Amino acid sequence: MLKLDLKLNFKTHQIDLKTAIQSGDTLGIYGKSGIGKSTLLKIIAGIQKSSQSMIIHNDIIWNSRSNGSQVLSKDREVGLVFQDFALFPNLTVKENLEYARRISDADFDQLVFTLDIENILDKKSTDISGGQKQRTAIGRAMAYDPKVILMDEPFAALDDGIKSKIKSFLKSYISDRNKIAIIASHDYADLEFFTDQIVTLQEV
Amino acid sequence: MEDFLTPLWLSCKLAFITTFSLFIIAVPIVYGLSMKKFFAQSIVKVIIALPLILPPSVLGFYLLIALQPNSYLGSFWNMVFDARLAFSFEGILIGSIIFSLPFMVNPILSAIENLPHHLSEASYSLGKTKWQTFHKVLLPNIRPSIISAAILTFAHTIGEFGVILMIGGNIPGETRVASIAIFHELESMNYDMANQYAAVLLVFSFVVLLLVQFIHKNPTRPIIC
């Protein structure tokens with residue numbers, strides 16, 4: 001279980017989010033651009049600090065308000081799909097996945113097949129389209145076999161056909177493997193497909 | 001002809017060893033400055049950058065003091081190698097490494113600091129350590145800057161004069177590098193020979209700067225993905 005008690009202060013608004021997500025479940029975060037969805041995911045991933053937030057994963061305190069102690073990002077086993085993909089430009093698609101990879105050969109082959117990136121594995125990540133980058137970014141996070149998967153606008157660059165295929169794959173992946181997932185999106189319908197536990201962020 | 005080539009060969013040898021040594025030294029320095037936060041970080045950056053604005057005579061003076069036979073370093077060197085450090089090739093090599101340090105460190109550090117933050121963030125979130133992130137993600141993505149830094153360091157070493165003259169003097173085959181040879185030939189009123197050395201260094205400097213321009217206009221890989 002992932003317990004979140006996040007308080008974020010922006011110049012124009014505040015975010016106050018208190019919730020818990022069970023293994024196999026998904027939390028949807030809905031809100032317009034610039035509201036703080038990405039910041040929230042980065043705090044959960046441990047790559048951005050927050051002295052006012054409490055995050056507990058399976059009784060391990062990741063973030064604490066009282067003493068400010070923080071489990072390092074590398075020790076959280078979180079797979080983060082960045083809104084701007086954050087692929088490593090010096091690596092090929094395959095090398096990007098291999099950099100993160102903790103899954104078996106069979107799972108790797110299945111992942112590559114499902115994401116339809118078999119034909120671009122040897123291409124540099126700078127030489128592929130936006131949709132292909134999006135799929136590679138999703139694949140890289142999943143190749144890490146994370147306990148918690150965080151996705152920031154993961155379907156924004158996908159065509160409709162592949163989008164529904166990947167959404168179905170992700171949904172069964174999360175429930176079948178008991179992953180905790182948090183998806184941030186400005187598309188409410190995308191979030192509804194995964195969960196009815198949707199938090200709407202808005203300026204207060 | 002051999003006499004003419006010896007200072008040029010010495011310059012190249014000095015520049016090559018300096019550049020190679022500085023690359024080895026610069027990587028951990030850049031790692032420390034870019035990946036760690038520590039007290040007096042700004043002071044360290046200032047010390048590294050000092051040779052950029054310090055008169056070579058000032059640096060040369062202090063190095064001469066540090067390398068002389070009765071100094072700690074000089075006596076240690078003498079004890080281990082049974083040789084003097086001041087007025088030797090090894091002495092000008094030490095001076096050259098210190099004098100050219102900012103030419104190697106600063107471009108690499110600047111390039112690392114200008115990389116998009118999401119690259120290191122992505123690497124950390126995938127369970128990688130700071131060192132793994134540094135050498136597997138950050139360094140490979142600033143390859144053009146590393147090459148430029150190495151070329152500039154090499155070129156700067158070839159052109160060094162003040163520091164080398166102060167700590168190395170003008171010993172043929174030992175410390176008389178090309179820039180010192182120009183000075184020596186001028187003092188000997190041998191203008192033709194001085195002109196030949198100067199022309200070689202002029203053409204060399206022009207080609208080096210052209211090469212750096214080319215690398216920056218045609219980076220081997222785009223930085224932003």
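How many bridges join strand β7 (residues 148-152) of chain A to β8(A), and which way do the two strands run? Five bridges link them, and the strands run parallel.

This is a predicted model, in which local features need pLDDT of at least 70, side-chain atom pairs count only at pLDDT 80 or more, and totals for chains, interfaces and linings use all residues. Residues are numbered from 1 along each chain as its sequence is written, while chains are lettered from A and ligands numbered from 1 in the order in which they are written.

**View 1. Chain A as a whole.** Chain A has six helices and nine strands; helices (H or I, at least four residues) and strands (E, at least two) are DSSP runs, numbered from the N terminus. Its C-alpha atoms fill a box of roughly 50 × 30 × 30 Å along the principal axes. The radius of gyration of chain A is 17 Å, which agrees with the value near 17 Å for a compact globule of 204 residues (taken over C-alpha atoms, with the globule rule being 2.2 Å times the number of residues to the power 0.38). Of the 204 residues of chain A, 45% count as buried. Buried here means that 20 or more other C-beta atoms lie within 10 Å of the residue's own, exposed means 12 or fewer, and partly exposed is in between, with C-beta atoms placed from the backbone. Take the contacts in chain A with a separation of 6 or more: residues 24 or more positions apart account for 71% of them. A contact needs C-beta atoms, placed from the backbone, within 7 Å.

**View 2. The parallel sheet of chain A.** Five strands form an open sheet in the order β6-β7-β8-β3-β9 (chain A), with parallel pairing; strands pair if DSSP finds at least two bridges between them. β6 (78-81) and β9 (198-200) of chain A are at the edges with a single partner strand each, so one side of each has no neighbour in the sheet. On average, neighbouring strands of this sheet are turned by 15° against each other, direction ignored. Helix α4 (residues 130-143) of chain A packs on the sheet and touches β6 and β7 of chain A, its direction making about 180° with that of β6(A). For such angles, axes are lines fitted to C-alpha atoms (for helices over the stretch in contact), and values run from 0 to 180 degrees between N-to-C directions.

**View 3. Strand β8(A) and its two partners.** Strand β8 (residues 180-185) of chain A is mostly covered, with six of its six residues buried. Ile180(A), Ile182(A) and Ala184(A) point one way, and Ala181(A), Ile183(A) and Ser185(A) the other. In a regular strand the side chains alternate between the two faces of the sheet. Strand β3 (residues 26-30) of chain A runs parallel to β8(A) and is joined to it by five bridges. Look for Gly28(A), whose bridge partner in β8(A) is Ile183(A), and for Thr26(A), which stands opposite Ala181(A).

**View 4. The antiparallel sheet of chain A.** Strand β1 (residues 2-9) of chain A and β2(A) run antiparallel and share eight bridges. Lys7(A) stands opposite Asp16(A) in β2(A).

**View 5. Two helices packing in chain B.** Helix α8 (residues 143-158) and helix α11 (residues 191-217) of chain B pack at about 170°, with axes 10 Å apart. That makes α8(B) roughly antiparallel to α11(B) (angles under 35 degrees count as roughly parallel, over 145 as roughly antiparallel, 65 to 115 as roughly perpendicular and the rest as oblique). Residues meeting here include Ile147(B) and Leu152(B) from α8(B), and Phe204(B) and Val208(B) from α11(B). By class, the contact of α8(B) with α11(B) has 12 nonpolar, three polar and no charged residues. Ala, Val, Leu, Ile, Met, Phe, Trp, Tyr, Cys and Pro count as nonpolar, Asp, Glu, Lys and Arg as charged, and the others, Gly among them, as polar.

**View 6. Where chain B touches chain A.** The contact takes 17 residues from chain B and 20 residues from chain A. On the chain B side, helix α6 (residues 117-125) gives the largest share, six residues.

Notes
Two residues are in contact if their C-beta atoms, placed from the backbone, lie within 7 Å.
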